[in-house]
Amino acid sequence: MNKAKQLFAGLILMALGLGAAQADYTLNLTKGVTKVSNDIYDLHMLILWICVIVGIGVFGTMFYSIYHHRKSKGHKAAQFHENTTVEIIWTIVPTLILIGMAIPATKTMLELDNVAKSDMTIQVTGRQWYWDYKYLDNDIHFESHLDEASEITHRTVGADPRSVPHYLLNVDKPLVIPVNKKVRFVLTSGDVIHSWWVPALGWKKDANPGFINEAWASVDKAGTYRGQCTELCGRDHGFMPIVVIAMEQPDYDAWVKKTLDQQKQKPDLSDQSREQLMAHGQSVYLKNCVGCHQINGAGVPGLIPALTGSVIATGKWESLDGFLRAGTAKMPSFSKLNGKEFAEVMTYVRNNLGNSVGDTLQPKQTALPDDDDDE
């Protein structure tokens, strides 16, 4: 009796929990926004209905025979063997079914691999844990990280994920492509195996270190399409979302011009207030440091050193600067950052995360010759 009550209580709690944690879902594949994705959907539905018809035929015959030829009605089992007609039928029919499925499946597979005559090429590189995009036709190059709202929320105990729009499915810089253009993707990895997957495009492709995989897409409809890494690439695997924005050609051309202009700009090395340095420094820290040193700077005991109270973080700023630029055996070099970003993140680390050095580093102190327009 007690077990029955426990089971009943458990079912009630499960029902309540489902209501609280329910996410959007569907019972079938969804159609994407490319011809390939629609072909895959049609192939899926074709094979599904073939399986349904075969299932109804086989199980219907079985249940009919079990019910109408049961022993209680006086039927006796037949004693025949090696019926040539039956053997021919159950060989030919499955073969025809397999051929019927193989022809459209092969056609779709060949279409998926046909990257010829593409209008543009984008290199996608997976890294722990963000995506690196390089437009090979116009030199646009940027990194795409998990957005700050999701980053802060998932690393803060007690934070409510439901308060963040597109939690863990939003990025700081989305990939932008034009509609109705054949876009070729070349995929690789800078460290471990990742997998680039946007369901609306109709395919997923592994990004392997040392190898190049190819795929393509031609999006029919402008919009925002989301995906994520689908490979178990590491402990932050679940925090590598993908956002693709498809634009009409005029809007895409304007985005290209704006992005190229921004890339040519040198960082602003003018003095900043302490509040500005701290705010921008937090953004730099969340993109580059939080994965190892944690949001509170505590690191991972026994594995990743803490920044809180660290001699490196709170000693001479020149030592910290050199440490960041050179990297160590366990930490990569952050030479990709410019002088402005170095000043911001060092000011943040030295005056937050449990540290209170009290100094303020200005961009001109940490700038390199390449950062300065006047050089």
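Thr 125 stands opposite Thr 188 in strand E5. The model is predicted, so local features need pLDDT of at least 70 and side-chain atom pairs count only at pLDDT 80 or more, while totals for chains, interfaces and linings use all residues. Residues are numbered from 1 along each chain as its sequence is written, and side-chain values use heavy atoms, with hydrogens and water left out.

Helices (H or I, at least four residues) and strands (E, at least two) are DSSP runs, numbered from the N terminus. Two strands pair if DSSP finds at least two bridges between them.

Strand E1 (residues 120-127) and strand E5 (residues 183-189) run parallel and are joined by 7 bridges. Both belong to an open sheet of 5 strands, ordered E3-E2-E1-E5-E8, in which the pairing is mixed. At its edges stand strand E3 (141-144) and strand E8 (213-217); each has a single partner strand, so one side of each is left without a neighbour in the sheet. Neighbouring strands of this sheet are turned by 25° against each other on average, direction ignored. For such angles, axes are lines fitted to C-alpha atoms, for helices over the stretch in contact, and angles run from 0 to 180 degrees between N-to-C directions.

A further open sheet of 5 strands has the order E4-E10-E9-E6-E7, with mixed pairing. Here E4 and strand E7 (203-207) are the edge strands; each pairs with a single strand, so one side of each has no neighbour in the sheet. The twist from one strand to the next averages 25°. Strand E6 (residues 194-198) and E7 run antiparallel, joined by 5 bridges, and Val 198 stands opposite Trp 203 in E7.

The next topic is charge. Side chains of opposite charge can pair when their charged atoms come close. A salt bridge is a side-chain nitrogen of Lys or Arg within 4 Å of a carboxyl oxygen of Asp or Glu. How many salt bridges does a search of the whole structure find? The search finds 13.

One of these links the two strands E8 and E5: Glu 214 lies in strand E8 and Arg 184 in strand E5, so the pair ties together parts that are 30 residues apart in sequence. The closest N and O atoms of Glu 214 and Arg 184 are 2.6 Å apart. Exposure is given as relative accessible area: buried means under 20%, exposed over 50%, and partly exposed in between (1.4 Å probe, protein chains only). Glu 214 is partly exposed at 32%, and Arg 184 is partly exposed at 22%.

Another pair is Lys 287 with Asp 172, whose closest N and O atoms are 3.2 Å apart. Lys 287 is partly exposed at 35%, as is Asp 172 at 29%.

Arg 162 forms a salt bridge with Asp 160, with 3.2 Å between the closest N and O atoms. Arg 162 counts as exposed at 67%, whereas Asp 160 is partly exposed at 35%. Elsewhere, Lys 35, Asp 39 and Glu 111 are linked in a network of salt bridges.

On a 1 Å grid over the protein atoms alone, a cavity is a set of points where a 1.4 Å probe fits but cannot get out, and a pocket is an open set with protein on both sides within 12 Å along at least five of seven lines; lining residues have an atom within 4 Å of a point. Grid points are joined across faces, edges and corners, and a volume is the space filled by probe spheres set on the points.

The largest pocket holds about 1,300 Å³ of space. It is lined by 33 residues, and the closest to its centre are Phe 142, Lys 173, Lys 287, Asn 338 and Glu 341. E3, helix H5 (249-264), H6 and helix H10 (339-350) each give two or more residues to this lining.

The second largest pocket has about 1,100 Å³. Among its 41 lining residues, Asn 288, Cys 292, Met 331, Pro 332 and Phe 334 lie nearest its centre.

The structure also holds 1 cavity of 30 Å³ or more, and the largest cavity has a volume of about 40 Å³. Its lining includes both Asp 172 and Lys 287.
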